Amino acid sequence: MAVPSNTYVTSSAVGIYENLHKAVTNIDPVDKILLNSIDEYDDEVTQTKQEWTIDSLRASASNAHDEGDDTTTQAITAAVRRYNIQQIFKESFRLSGSIQKANAPSGLTKEAYQTTKKLKELSKDIERGCWRGVRNDTDTRQMRGILNWLTTNLSMDAGATLNADGTVSGGANRALTPDMIKEVSHNCYNRGGKPDTLVCTTTQAGKISDFANLGNYRQMVEGGKLNDYVDVYRTETGTYKTKIHRDFPTDVIAIMDWEYWKKATWRPTRKEPLSKTGDSDRWHIVCEMTVVALQEASSGRIVNLEN
């Protein structure tokens, strides 16, 4: 339908104010399951190489002796020394003098807003590094992440290879089964661990729910509500909470006993101004830390899983 003649319409107007909403919407997730689950290491951090010692007991044996028998001295198994490397995490930003004076929604162009945003982005990188890091002792130091520490209680495809750095290469993808979780969790228990958490993506969490046939049979839990998800999984050796992590390898499940993992922070997260070189201001946010695997055999890992 045509606009009537001489009608003044918005598309012809010059002085109309823009209608820009004052709030800025951002739904990008920040999962910090690991960082929120482990405590800070008790010992003082004094350099880039963090070391600790682990020991173990021998297996039980028949122990009976004759009266008056001379004692035979038994060999002592030496403790094992382990280490991880402090990793430097950094975020930075730069704002021109003009942009800092500009009026933008939610202070979008201000130092405070950008600081908050960069802190969230930095925490995502720290969480990722603490899980997935492959240790590098040389120039660009990188820690060994928890997943690559988990080598004792490891379920992988028969064709896969466990590498010296803890990564797993090759192998075919397998369908997750209850026996895989039982095998790894039982091994953790038999070695003294008490894991209570399964960490995985929504894909593997859905496979765990399928163990209860919830894909075909939904249970009524309250009037008008259906339960289509298993968030607590129980085996002979314990009860496990399922924790869904958005930024996690899709073919992996970690079975965690958090007690034996610590954060060793050398330089806590700190924002510092950088030298001013022109009509702008610069900042960086720096953190230096690593993870300590007091007893990796307390936890376990399942890899080579179908997505």
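Author: Strand β3 gives the most to the lining of the largest pocket, namely three residues. Strands (E, at least two residues) and helices (H or I, at least four) are DSSP runs, numbered from the N terminus. The model is a predicted one, in which local features need pLDDT of at least 70 and side-chain atom pairs count only at pLDDT 80 or more, while totals for chains, interfaces and linings use all residues. Residues are numbered from 1 along each chain as its sequence is written, and side-chain values use heavy atoms, with hydrogens and water left out.

Reader: What makes a space a pocket, and how much space lies in the largest one?

Author: On a 1 Å grid over the protein atoms alone, a pocket is an open set of points with protein on both sides within 12 Å along at least five of seven lines, whereas a cavity is a set where a 1.4 Å probe fits but cannot get out. Grid points are joined across faces, edges and corners, and the volume is the space filled by probe spheres set on those points; for the largest pocket this comes to about 620 Å³. Residues count as lining if they have an atom within 4 Å of a point; of the 27 that do so here, the closest to the centre are Ile54, Asp55, Ser56, Gln295 and Ala297. The elements that give two or more residues to this lining are β2 and β3 (80–85).

Reader: How do the residues of that lining divide by kind?

Author: There are 12 nonpolar, nine polar and six charged residues in the lining, where Ala, Val, Leu, Ile, Met, Phe, Trp, Tyr, Cys and Pro count as nonpolar, Asp, Glu, Lys and Arg as charged, and the others, Gly among them, as polar.

Reader: What makes a group of residues a nonpolar core, and which residues touch the most other members of the largest one?

Author: A nonpolar core is a set of buried Ala, Val, Leu, Ile, Met, Phe, Trp, Tyr and Cys residues joined through side-chain atoms within 4.5 Å. Buried means under 20% relative accessible area, exposed over 50%, and partly exposed in between, with a 1.4 Å probe and protein chains only. The largest such core has 34 residues, of which Trp131 and Met256 touch the most other members. Strand β15 gives the largest share of this core, six residues.

Reader: What does Trp131 touch?

Author: Contact means heavy atoms within 4.5 Å, and, leaving aside residues up to four places away in sequence, Trp131 touches a list that includes Leu34, Leu147, Val199, His245, Phe248, Met256 and Trp258. A second, separate core of 16 residues includes Leu176, Leu198, Tyr240 and Ile253.

Reader: Why is the pair of Phe93 and Trp283 called stacked?

Author: Rings of Phe, Tyr and Trp (its six-membered ring) pair if their centres lie within 6.5 Å, and planes under 30 degrees apart count as stacked, over 60 as edge-to-face and the rest as tilted. By this rule there are five aromatic pairs. The centres of the Phe93 and Trp283 rings are 5.0 Å apart and their planes are at 25°, so this pair is stacked. Because Phe93 lies in strand β4 (residues 87–96) and Trp283 in strand β15, the pair ties together parts 190 residues apart in sequence. Phe93 and Trp283 are buried.

Reader: What makes the pair of Trp131 and Phe248 edge-to-face?

Author: The Trp131 and Phe248 rings are 5.0 Å apart centre to centre, with 90° between the planes, and the pair is therefore edge-to-face under the rule for ring planes. Trp131 lies in helix α3 and Phe248 in the loop between β12 (238–244) and β13, so parts 117 residues apart in sequence are tied together. Both of these residues are buried, and ring pairs link Trp131, Phe248 and Trp258 into a cluster.

Reader: How do you know whether Asn304 and Arg282 are buried or partly exposed?

Author: Asn304, found in the segment after β16 (300–302), has 6% relative accessibility, so Asn304 counts as buried. Asn304 also has a positive phi of about 60° although it is not a glycine. Most residues other than glycine have a negative phi. Arg282, in strand β15, has 25% relative accessibility and therefore counts as partly exposed.
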